[in-house]
Amino acid sequence: MDNRLRHIHKLLASYSAGDFDRRLPISKHLDETDAVIGGLHMLAEELKAVTISRDYFNNIFNTVSEMALVLTAGGMIEDLNEAVCDRLGYLRDGLIGRRVDVLTEDVRPSLFQQLRRRRGPDGLVRIWNRSFLTAQGEAFPVEITARVLAGSGARGRHGILVTARDIASRLSMENRLLRAMIDAQELERQRLSRDLHDGLGQQLSAVKFLVGAVVKESVSSPLREKLQAANESLVDILGMMREICYNLMPKSLDDFGLVQAVRELAAQTEKAGLMRVVVEEGRGFPTLARALEVDLFRVIQEFMANGIRHGEATHLLVRLEVKGREVEVRLKENGKGFEPALVQGTGMGLRNMHARIKSHDGVFRLESSPGKGTAARISVGIG
Amino acid sequence: MNLILDTPYVTLEILENGILVATYKKRMLVTLEIAKEIVADRLEFTGRVPRPVLIINLGVLQIEKSARRYLSSGDGVAGISASAIIVDNLATFYIMSFILLVEKPPMPTAKFTRRNQAMDWLQTFL
């Protein structure tokens with residue numbers, strides 16, 4: 001083979017390997033072969049301008065701190081960066097070729113369904129609050145952004161680039177803020193309840209006592225009847241005030257503990273004809289730290305209120321028990337249910353419930369689906 | 001008689017049918033300066049009247065990247081309504097195909113190995 005042809009072959013091999021800087025000298029003949037070499041040099045310049053090498057791409061892909069995955073149009077993981085392996089503890093080969101939904105919690109709709117359904121006109125999908133599961137099965141809160149990649153896969157098929165940002169520290173800060181707000185709210189409720197009970201309540205009781213005394217001494221029948229009516233109104237007002245005080249901060253929670261406070265709440269709710277509430281107490285349910293009792297009570301109260309207000313539930317089961325070194329509260333109502341993924345991050349009530357339990361390093365799990373009611377399981381370690 | 005201009009880099013000829021024939025000389029390395037000179041000469045020769053151009057490559061060794069960019073820019077194609085490039089060997093033909101694909105000249109451009117095919121194609125732009 002002609003020596004210059006041999007060099008041209010080597011030049012082409014370099015270009016096909018991505019080394020576009022290699023050049024051959026133009027000979028002194030300035031012949032047709034030199035023209036071909038010149039053409040190949042031009043080709044290399046253009047290729048260098050429009051091509052990025054796999055190493056260059058991998059360096060960028062693996063340097064970004066966000067987790068990044070490339071999916072096929074069918075939701076299979078085609079590529080992933082090192083951040084995914086580092087954060088979630090998977091081996092790269094363990095994820096390639098598997099469905100992206102292996103990374104997410106068992107929550108409907110699946111992540112891939114969300115990626116398909118929520119795509120905006122710009123091809124972007126944003127999912128604010130979802131969790132990836134680590135290889136150890138722990139939930140890892142992430143904010144997801146996805147974009148359709150035109151012609152990214154084999155034979156130019158469409159793919160999806162998914163990036164996931166770790167929002168654990170942001171959520172933790174939000175939860176601390178929420179906790180501070182909840183604590184301030186509880187203090188204010190406590191103060192209001194005390195003021196109402198000790199101030200207004202005592203004054204009303206005194207007035208009621210006086211009116212009662214006048215009723216006894218009154219000789220005029222019409223006056224006596226009016227005073228009697230006033231006295232009955234005062235009894236109603238005192239009852240309403242006690243109810244407000246109870247809702248603000250049940251005294252029984254301080255005096256008799258969580259179980260008794262929940263039983264009172266159940267009795268009040270049933271008496272008001274709002275729903276049937278069954279409270280079951282497992283053996284040996286202990287007295288808990290006051291802050292935990294208040295939070296568990298508020299979560300039960302919120303769950304009940306949601307069931308009545310949104311779920312049209314007519315029956316609620318509350319079960320409080322101890323399992324090993326954890327207290328567990330199970331709640332189950334028979335309302336119309338909902339799609340949990342569709343309300344994630346939207347309602348303050350749900351966020352408050354999560355934040356209250358999370359602040360005790362506990363776990364709050366909510367399960368619901370349309371037509372099947374709603375259930376919650378709360379577990380908190382008790383040291 | 002056809003008008004002809006012979007420069008150090010290219011020979012320009014306006015045919016009776018109005019097509020401009022530009023024959024690039026052999027063994028040329030086209031730099032940006034040379035490219036600008038070629039365009040200036042062409043515009044002066046044609047009086048800036050847009051017309052189809054037949055480009056005959058007799059063996060240009062290389063066109064520098066900056067020169068390629070200029071020749072496919074608005075300034076570089078001024079006075080050209082369409083261009084047909086005749087390439088005399090297959091290797092250069094395919095290399096030129098790729099370069100045209102990347103540079104994307106802003107007017108109709110095609111490559112041919114035979115002059116009569118190129119002329120037939122250019123006639124459609126007269």
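Predicted model: local features only at pLDDT ≥ 70, side-chain atom pairs only at ≥ 80, totals over all residues.

Which residues do ring pairs link into a cluster? The cluster consists of B:F112, B:W121 and B:F125, which ring pairs link together. Residues are numbered from 1 along each chain as its sequence is written, chains are lettered from A and ligands numbered from 1 in the order in which they are written, and side-chain values use heavy atoms, with hydrogens and water left out.

Rings of Phe, Tyr and Trp (its six-membered ring) are taken as a pair if their centres lie within 6.5 Å, and planes under 30 degrees apart count as stacked, over 60 as edge-to-face and the rest as tilted. By this rule, a search of the whole structure gives 5 aromatic pairs over all chains. One of them joins A:Y15 and A:F20 in a tilted arrangement, at 6.4 Å centre to centre and with 45° between the planes. Both A:Y15 and A:F20 are buried, where buried means under 20% relative accessible area, exposed over 50%, and partly exposed in between (1.4 Å probe, protein chains only). In chain B, B:W121 and B:F125 pair edge-to-face, with 4.8 Å centre to centre and 65° between the planes. Here B:W121 is partly exposed at a relative accessible area of 23%, and B:F125 is also partly exposed, at 30%.

The contact between the chains can be taken next. With contact meaning heavy atoms within 4.5 Å, 19 residues of chain A touch 16 residues of chain B. The buried area, which is the accessible area (1.4 Å probe) that two parts lose on being put together, summed over both, is about 1500 Å² for chain A and chain B, with carbon and sulfur atoms giving 66% of it. On the side of chain A, the residues that lose the most area to chain B are A:L30, A:M42 and A:E46, together 39% of what that side buries.

A:E46 also takes part in a salt bridge with B:R69, at 3.4 Å from N to O, and the count between chain A and chain B is 4 salt bridges, each defined as a side-chain nitrogen of Lys or Arg within 4 Å of a carboxyl oxygen of Asp or Glu.
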